[in-house]
Amino acid sequence: METMTPTQAAAIKEREPDAAIVAVPVRNYGTAVAAAIVLIIAAAIGYSLLTNPNFQWGVVAGYVFSPVILQGLGRTLLLTVITMVLAVILGTGLAIAPRSKNPVLRMASQAYIWFFRGTPVLVQLIFWYNLSALYQYVVLQVPFGPELFRIDTNSLITPWTAALLGLVLNEAAYMAEIIRAGIGSVDNGQQEAASALGISKSQSMRRIILPQAMRVVIPPTANETINLLKVTSLVSVITLPELLYSAQIIYSRTFETIPLLIVASLWYLAITTVLTIGQNYMERKYGRGNLPTAVKMKRIKRILR
Amino acid sequence: MSAITDRQRPLVEASNIRKSFGHLEVLKGIDMVVEQGTVSCLLGPSGSGKSTFLRCINHLEKVNSGRLLVDGELIGYRQRGNKLYEMKEREVVAQRQKIGMVFQRFNLFPHMTALENVMEAPVLVHKENRAVVEERARRLLDRVGLGNRVNNFPSQLSGGQQQRVAIARALAMEPKLMLFDEPTSALDPELVGEVLDVMKELAETGMTMIVVTHEINFAKEVGDKVVFMDDGYVVETGTPEQVLGNPQEARTKSFLSKVL
Ligand SMILES: Nc1ncnc2c1ncn2[C@@H]1O[C@H](COP(=O)(O)OP(=O)(O)OP(=O)(O)O)[C@@H](O)[C@H]1O
Ligand SMILES: [Mg+2]
């Protein structure tokens, strides 16, 4: 829009002396049409959800809180939590290893990440589950020395151990990358200042570097957790009755496939919603500059004390 | 060794220090002696190797050759026979505890309050009693004029205040030697004075200090010795009157004509 010179403005005022100024917003017909289309589609989906009898909402309602489903849900949550905790610990190790001057450690960490990110989790899960086809026994032995421990692979690899091995080893590779980026985001001067004070590398990692890396690490970690929640459904292929497999057990008996898949999906959605709220909270807390976070944490700590 | 010879021994003795980054030789044979209780000011154009030399003194950089003694101890190496063996991290770390360092960019720990910044190293490294350390930390912060800001985070403090916390933090380890790498260059002009005042008071207490600075007036007023470096060499050494008032070398003259 062009600005008016004072004389032009005066001229307009002369012509319409008492005209009240009314602001007319720009009409954007494109977005209005798009919104209308979205509403129509949403209404159609909603209508069919409610009226198509094949969804069998009554069956869905009957199973949402059934003990089998709730047990499956419990296992899904347990798998997610245990996997995430172990993956963070292992991932931190993998992220710190390349910082050492030892080239073997650096390359080992890179090779690990390359391998476990480069192959599908599903393959890894099936592989661990079938480990006995490769090794009949797992043996702990002093190199070229006596045998300390021997166990039958079949009794070692249960659905749970196979599931945790597959999920943790895979997730750790992703967490390593996230934590590595977090450590990289901390200014070099921090390590130097710590060194100059006579603080050792390992102490400064724990007290100075990692706490600052958290700000960068937490948001993608929350995202990974949400992702992992659904990835755990893959362990249904190795007969661990988590949420999805629990639903499958029921529908393989009753043939109510669709309603039970809906039951499982509703639970995944519910947990994801909770995790998303947690993620937003964390991002607001850690995503900003250092000051508000640090000050707020201090205040929270003081209140909790 | 008797107490008298101990006091007479220089705190820092550097002889023929050489340091390269890749093919770039940054220190080309530095000799320097710093007596106990004196303030040495290191001057020189950008890139002349001042920071690198300072960082060699507390082994943040490894020297390629030469002998560097602080308080009679070879820094970073152990001599056995006529061979030098590189020290383990534990030993290097122990040596650094005797040497405080203050950086141009403060490098305070942003996730800790001023008080926690000062307390961190003594508690973590010396495993000192928290209450004892806190008492000392409060006294130190008081001494640098920040007794009322102990619970502030670095981001809540001005640059000058942050640098004073950094000085207190280094002093908390009770060092024998303090290194300052352009402690006021990152500060707004009106904040420079408060930091220099703290350093002046520190010098008056008898602390041995090596200060890389462009503050000629500070060098004149507080310095016992001025060392002018250029291109990896020590070009001229002497009292402030000699080096700043009556420079002998052409490079010193040309540098001073630019900064004065
Ligand atoms: N880590 C490093 N890797 C490679 N080159 C470096 C490194 N640190 C310093 N240098 C180089 O060494 C030379 C001397 O640097 P130094 O920081 O010691 O100079 P300075 O006298 O402190 O300069 P300034 O006044 O700008 O701080 C410069 O050419 C610099 O580029
Ligand atoms: Mg420098």
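Predicted model: local features only at pLDDT ≥ 70, side-chain atom pairs only at ≥ 80, totals over all residues.
Local features are reported at pLDDT of at least 70 and side-chain atom pairs at pLDDT 80 or more, while totals for chains, interfaces and linings use all residues; side-chain values rest on heavy atoms, with hydrogens and water left out. Residues are numbered from 1 along each chain as its sequence is written, and chains are lettered from A and ligands numbered from 1 in the order in which they are written.

We may turn to the interface between the chains. Here 29 residues of chain B are in contact with 24 residues of chain A, contact meaning heavy atoms within 4.5 Å. The buried area between them is about 2200 Å², and carbon and sulfur atoms give 62% of it; this is the accessible area (1.4 Å probe) that the two parts lose on being put together, summed over both. On the side of chain B, the residues that lose the most area to chain A are Phe109(B), His111(B) and Leu124(B), together 23% of what that side buries.

Two salt bridges are counted between the chains, each defined by a side-chain nitrogen of Lys or Arg within 4 Å of a carboxyl oxygen of Asp or Glu. One such bridge joins Arg55(B) to Glu192(A), with an N to O distance of 2.7 Å.

Helices (H or I, at least four residues) and strands (E, at least two) are DSSP runs, numbered from the N terminus.

Ligand 1 is surrounded by residues of chain B, including Phe21(B), Pro45(B), Lys50(B) and Glu182(B), each with a heavy atom within 4 Å of the ligand. In this shell, α2(B) provides the largest share, three residues. Oxygen atoms of the ligand lie 2.6 Å from a side-chain N or O atom of Ser46(B), 3.0 Å from a polar backbone atom of Gly49(B) and 2.5 Å from a polar side-chain atom of Thr52(B). The protein covers 60% of the 630 Å² of accessible area that ligand 1 has on its own, by the Shrake-Rupley method with a 1.4 Å probe.

Technical notes:
Polar contact = N/O pair within 3.5 Å; in protein donor to acceptor, adjacent residues only side chain to side chain.
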